[in-house]
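Hello,

Here is the structure for you to look over. My notes follow it.

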Amino acid sequence: MDGAVIEFARSDQDRAAIALPDALLGPDGVSDLLNDLPLRLGRVRQRTLRNPIHCEGVGLHSGRRTRLVLRPGEPDSGILFRRSDLGVTVPGRFDNVVDTRLCTVLAPSDRPDARIGTVEHVMAALAACGIDNAVVDVDGPEVPVLDGTSRPFVFLIDCAGAAEQESFRGLIEVLRPVRVEDGPAWAELRPSHAPGFTLSLGIAFDAAAIGRQSYSMRLSEAAFRRELADCRTFTLRQEIEAMRAAGLARGGSLDNAIVVDGAEVLNPGGLRRADEFVRHKMLDAVGDLALAGLPLRGAFHGFRSGHGLNNRLLRALLSDPAAWRLSGGAVRRAA
Ligand SMILES: [Zn+2]
C-alpha cells in the first residue's frame, strides 16, 4: 500500500499536505489517521452512551462494595463522576485529582470528603472507546475494580452502545516538550509530526517476574482493545501488608490483581501476556492522561511513570499556555 496523502486547510496556518509513509500506518491503517485529521478540523462529532448500564463490585483499596452506573452525558460536558450517595459531582479532570497513591482519586475542591478512587481503568475504557461525554455514578468512595483491567468497562460500553452528538470533538495538541521527574522516574509529552497519540513506556522492578519491560503503541480504539484492555493491575507480595496497614488494597485478591513474589506469579492461571505488567501501566497512563478532558495529539514517553507523575505531567502541560493549543470543536468547554 502506498503512503496516504491527506490535504487539509482550515486557515493559512494549518494549510498543509502531509505525506504519510506506510511505517506510520498502524495495524488499523488509515482509520487511525482519520481519527486525527478530521479532529483537527473539528469534523468528528462527540459521542456518548446510547443507554445507561450498571455493574457492582468491590473497590480495590477501600474493599467497599459499590454500584457503578454509566449514563449518557450532555454534549461538551466531558466525563462527570458523581457520588450518587452524596449527590456530589466532580468532573473527571486532572485538576480534580487529590490523591495518586496506588490509584487516581478525584474529589471536588469544596468537598474533599466526596472522593472517588480508582477512576483510571474506567477513564481509559471511555477514552479509548471514543466516549466524550458520560456520567459515571458511584455510590461509594471507589469505582469497582472488577477484574483489575479495563475490559469489563469496555464490555459495559459495548452493551450500552454509543450515540453521536451535535457538538464536535476537539483535541489538545502538544506544541513543545514537557517533562516531570521523580528520582529515576520520569514522564514527558512531546509534539509529534505523526497524527494521533503515541505512548512509549518502560518499567523496571527488582522482582524477577517483572524485571525490565517496555512497550510502545499508537493509541486507537482497536489497539487499546487488542493490546491493553485485558491487562491486570499488579502488586508485590511484600508490599501487601504495608498497604493494608495504610488502609489500602483491602479489596485486593488474586481475582483482581496479579501478585508477584520475586520470580513467581502467585495467581494460579499465571499471566495473560508475558509483558502484562508494562501493558497495565500503559493502560493506567491512557486513563490518567484522559483526565486532560480532551484527546491529546502528541507523544507520551515515560520510565517508571505512575499515577503521580502522569498527573503532574498534565498539570505541567496545561499550566503552560505555550506548550499546547486546542484544535477542533471544543474551544468552548476548555476555555
Ligand atoms: Zn491500574
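Buried residues make up 47% of the 335 residues in the protein chain. A residue is buried if 20 or more other C-beta atoms lie within 10 Å of its own, exposed if 12 or fewer, and partly exposed in between, with C-beta atoms placed from the backbone. This is a predicted model: local features need pLDDT of at least 70, side-chain atom pairs count only at pLDDT 80 or more, and totals for chains, interfaces and linings use all residues. Residues are numbered from 1 along each chain as its sequence is written.

The protein chain has nine helices and 21 strands. These are DSSP runs numbered from the N terminus: helices are H or I with at least four residues, strands are E with at least two. Of the contacts in the protein chain with a separation of 6 or more, 74% join residues 24 or more positions apart. Two residues are in contact if their C-beta atoms, placed from the backbone, lie within 7 Å.

Now the annotated site. An unreviewed UniProt entry marks His121, His280 and Asp284 as "binding site". They span 164 residues in sequence, yet no two of their C-alpha atoms are more than 9.5 Å apart, so they gather at one spot. UniProt positions are given in the numbering used here, feature names are shortened, and annotations may be inferred rather than shown by experiment.

His121 is in helix H3 (residues 120–128). It counts as buried because it has 31 C-beta neighbours inside 10 Å. Leaving out residues up to four places away in sequence, His121 touches Thr149, Ser150, Phe153, Leu283 and Gly287.

Asp284 is in helix H7 (residues 276–289). Asp284 has 25 C-beta neighbours inside 10 Å, so it is buried too. Beyond its neighbours within four places in sequence, Asp284 contacts Glu120 and His307.

H7 itself is mostly covered: 14 of its 14 residues are buried. Its 14 residues should span 20 Å at 1.5 Å a residue, and its end C-alpha atoms are 20 Å apart, which agrees. The expected span is 1.5 Å times one less than the number of residues.

What does H7 pack against at an angle of about 145°? Helix H5 (residues 221–228), with the axes 10 Å apart. Axes are lines fitted to C-alpha atoms, for helices over the stretch in contact, and angles run from 0 to 180 degrees between N-to-C directions. Phe224, Glu227 and Leu228 in H5 meet Arg279, Met282, Leu283 and Val286 in H7.

Best wishes
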